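Here is a brief report on one model.

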Amino acid sequence: MDKLVIKGGRQLSGTVAVSGSKNTALALMAASLLPASGKTVISRVPDLRDVHTLSNLLRIIGARVEFEKNTLTISASNISHTEAPYELVKQMRASIYVLGPLLGRFGKARVSLPGGCAWGPRPVDLHLKAMQALGASIDIEDGYVVAKAKRKRLTGAKIDFPISSVGATGNALMAAVLAKGTTKIKNAALEPEITALADMLMKMGAKISGIGTTELEIEGVEELYAVRETNICDRIEAGTLLCAAAITKGDITLVDVNPNDFKAVLKKFQQAGCEIKYTETAVSLKSPKALRPTNVEAKPFPKFPTDMQAQWTALMTQANGTSKITDHIYADRFKHVPELNRLGANIEVKGNSAIVKGVQKLSGTKVMSTDLRASASLILGGLVASGTTEVLRIYHLDRGYEKIEQKLRALGANIKREQYDEFAQPKLEKEEA
Ligand code: UD1
């Protein structure tokens, strides 16, 4: 297994390019199942485990998928199965994204239920209700969702989401673009991933109005066409790199980014005392002498993202006072807290909030990643901790951060990847005579 070994205490400085968005790439890949002929070409796709998992799923379904130099070429003209097996879905919940396009194009799909995740249950009821609204029958058989459209084609409908869901909005959109008639989606998610997906679907020939608002109207079409698309920036990677700069009292510039995709995060850095400057494609951050404690509340876009909550918690361990970090999307997403506390942080979880008492001197030790963003928060802790921090089980990290250690090293961090044996017997330190 791989671990990251970090010697903390170095200030980060310099310029770094942000990769393409993982979550958007997954949605665009699922949409590439919709055209019956041609090749969909998606550039700026990050080279990440989740992208490879979905590529494998598309191959199993019968698509031809090539990945070279961050560009994916997908041909979905010969789809032979409409089934997403458990073995792949369990590796990545976003596999549920194939439900909408398969049902929309073929009128049927069999997709394994994803189950829970490290920080609790993550239901897919809204995805299923949206498919039912569009006229599909849904049965759960042997842990699989078996969906069938009446007369092989979905029909336009009104879908009113009780809560904002990125995945369910994306799935509903991909199902509705080939449905017969008009679909109206109320309370659609506003995340940049959804706007990017809707933009690509429009290029493919879909008819969607209201993009960028919570009310989408889709006029179903008979056919969609393969297109070339460029993925958007990874706003979560961008925010994480800014946290790395701020936690080390550094000064960095991000390029290839769209600051509009993470304005709420930039605002929080300003409140914390960081100097933020941005253009259309770059953001720079200059650290203050001391960070101010800054509360955040993770909510759907355009508010502060839940995927930045763990990193912000790590950052606030270095603030001059107490901060409250509340997650309104995933109430239990605090698995990083006990590990940050092992580094010497003083964080208490109360309900869906983490109370962080700042200005801690963190000191390096071994810590364990439990999920993707928790891993990022532990790296941040390691960057500022004295001595050596080892972040174990970083396979979680490899799901979502492209070349993170190379990027941090280029900014001046002392961080390297090493292999280790998870089950090796520990060596006890010698007692003094
Ligand atoms: C996406 C992101 C994930 C991010 C999350 C919230 C991808 C691949 N993943 O996940 O990184 O943390 O958005 O921004 O893009 N919910 C239900 N029923 C459903 C679906 C969702 O109750 O059928 C709830 C969830 O438990 C959660 C809330 O809705 O409380 C929002 O989740 P959602 O936006 O759907 O998250 P994902 O699309 O799974």
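The text below covers the setting of a methionine and then the build of a sheet.

This is a predicted model, in which local features need pLDDT of at least 70, side-chain atom pairs count only at pLDDT 80 or more, and totals for chains, interfaces and linings use all residues. Residues are numbered from 1 along each chain as its sequence is written, and side-chain values use heavy atoms, with hydrogens and water left out.

**M200**

M200 sits in helix α7, residues 192-203. Helices are DSSP runs (H or I, at least four residues), as are strands (E, at least two), numbered from the N terminus. M200 is buried, at a relative accessible area of 0%. Buried means under 20%, with a 1.4 Å probe and protein chains only. Leaving out residues up to four places away in sequence, M200 touches L28, A31, S32, T40, V227 and E229. Contact means heavy atoms within 4.5 Å. L28 lies 172 residues from M200 along the chain, yet their C-alpha atoms are 7.4 Å apart.

**The sheet**

Four strands form an open sheet in the order β18-β19-β21-β20, with mixed pairing. Two strands pair if DSSP finds at least two bridges between them. The edge strands each pair on one side only:

| Edge strand | Residues |
|---|---|
| β18 | 296-298 |
| β20 | 346-350 |

From one strand to the next, the twist averages 15°. β18 and β19 (residues 322-327) run parallel, joined by 3 bridges. A298 stands opposite D327 in β19.

Helix α10 (residues 309-316) lies across β18, β19, β20 and β21, and runs at about 170° to β19. Axes are lines fitted to C-alpha atoms, for helices over the stretch in contact, with angles from 0 to 180 degrees between N-to-C directions.

Conventions:
Buried means under 20% relative accessible area, exposed over 50%, partly exposed in between (1.4 Å probe, protein chains only).
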